[in-house]
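These are notes for a colleague opening the model for the first time. Please read them with the structure on screen.

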Amino acid sequence: MKTIDIFKKILYQLNISLSRSARNSNLDLFISKFKKKYLSIELVRVGSRGDGGYLIPPVLDDITSCFSPGVSDNASFELELADNKNINCFLADASVNGPPINHKNFKFTKKFLGSQNLDTFITLSDWVNEMVNIKDDSFILQMDIEGSEYEVLSYESASFLSSFRVIIIEFHNLNRLFEKDYLPFYQGIFNKLYENFFIGHAHPNNCCGSFEVDGIEIPNVMEVTFIRNDYLDMVDYEKPLNVPHQFDIKNVQGNADLLLPKVWWN
């Protein structure tokens, strides 16, 4: 962890922010909406047993294409989709020359996602429209782009995002929910997703710890699986949420586990 990050964490733990603090009532509302949208649904694990594996509902027979911006040295999620379900996987990242493994169902674009088409950047909607017929609306999005997810999601419309049946996003810098200037921005992005999706799974990444102020704990990095409302009939409203889920596995095996605080789901 960088020195400045350690310094910020100490300040947050002392209830001192480098920006204006968000009023607890607004932060409580954000978490309350998150909790209300978090529903109990059957999940399966796709990908590796660790970082690169994700929990999704068993709806892969409905999926024709996966869009996966942010390419690392692990493509186990995409490989399982391509091998087991013959799903076309579109990957994008300007920082690498291709995915870590070749597959006939992989198509790579050497660009970053952003809010405009410029040089090495392309918007999510333009990328999708270049690759497939958007009217198909049988896609899955798995996005881990190191903080750029906010720029991408703020640009795209709720209508376009509903083209995906399942959206998996790794949200970074969630500690900024404590900052008054950032909380409304984050609220807008999550509310846009809530228009057509509910939450089926949330899992803190134990890479980066959590922040706590006034008894509210927020994981700094968290993977969230959004499921389109088509699948609400799969929700078991009588069954309590299983947190942590039986298929949850630590992202970083050498670090202590980080559980989702009860305030987010209980």
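The points below go through the sheet, the helices across it, the cysteines and some single residues.

1. Basis of the notes. This is a predicted model, in which local features need pLDDT of at least 70 and side-chain atom pairs count only at pLDDT 80 or more, while totals for chains, interfaces and linings use all residues. Residues are numbered from 1 along each chain as its sequence is written, and side-chain values use heavy atoms, with hydrogens and water left out.

2. The sheet. An open sheet of 7 strands is present, with mixed pairing and the order β5-β4-β3-β8-β9-β13-β10. Its edge strands, each pairing on one side only, are β5 (106-109) and β10 (197-204). From one strand to the next the twist averages 15°. Strands here are DSSP runs of E with at least two residues, and helices are runs of H or I with at least four, numbered from the N terminus. Two strands count as paired if DSSP finds at least two bridges between them.

3. Strand β13 and its neighbours. Which way do β9 and β13 run relative to each other, parallel or antiparallel? Strand β9 (residues 164-171) and strand β13 (residues 222-228) run antiparallel and are joined by 6 bridges. Within this pairing, Ile169 stands opposite Val224, and Ile168 has Thr225 as its bridge partner. The pairing of β10 with β13 is also antiparallel, over 7 bridges.

4. Burial of β13. Because 7 of the 7 residues of β13 are buried, the strand is largely enclosed by the rest of the structure. Buried means under 20% relative accessible area, exposed means over 50%, and partly exposed lies in between, with a 1.4 Å probe and protein chains only. Both faces of β13 are covered: one side carries Met222, Val224, Phe226 and Arg228, the other Glu223, Thr225 and Ile227, and all are buried.

5. Helices across the sheet. Helix α4 (residues 124-131) lies across β3 (65-69), β4 (88-92), β5, β8 (139-143) and β9, and runs at about 140° to β3. Helix α7 (residues 183-194) lies across β9, β10 and β13, at about 160° to β9. The axes are lines fitted to C-alpha atoms, for helices over the stretch in contact, and angles run from 0 to 180 degrees between N-to-C directions. Contact means heavy atoms within 4.5 Å.

6. The buried side of α4. Which residues of α4 are buried? They are Leu124, Ser125, Trp127, Val128 and Met131. These residues cover an arc of only 160° around the axis, so they are on the same side of α4. The arc is that of the directions from the helix axis to the C-beta atoms.

7. The disulfide. A disulfide is a covalent bond between the sulfur atoms of two cysteines. For these notes the criterion is a pair of cysteine sulfur atoms within 2.5 Å. A search of the whole structure finds 1 disulfide. Cys207 and Cys208 form a disulfide with their sulfur atoms 2.5 Å apart. The torsion about their S-S bond is about -95°, so the disulfide is left-handed. Cys207 is partly exposed at 36% relative accessible area, and Cys208 is partly exposed at 25%.

8. Backbone points to check. A cis peptide bond joins Val243 and Pro244, with omega about -5°; Pro244 lies in the segment after β13. Asp119 is not a glycine, yet its phi is positive, about 55°. Asp119 is in the loop between β6 (112-114) and β7 (121-123) and is exposed at 68% relative accessibility. Asp214 also has a positive phi, near 50°. Asp214 lies in the loop between β11 (210-213) and β12 (216-219) and is exposed, with a relative accessible area of 51%.

9. Lys36 belongs to helix α2 (residues 24-37) and counts as exposed at 71% relative accessibility. The C-alpha atoms of Lys36 and Val213 are separated by 22 Å, the two residues being 177 residues apart along the chain.
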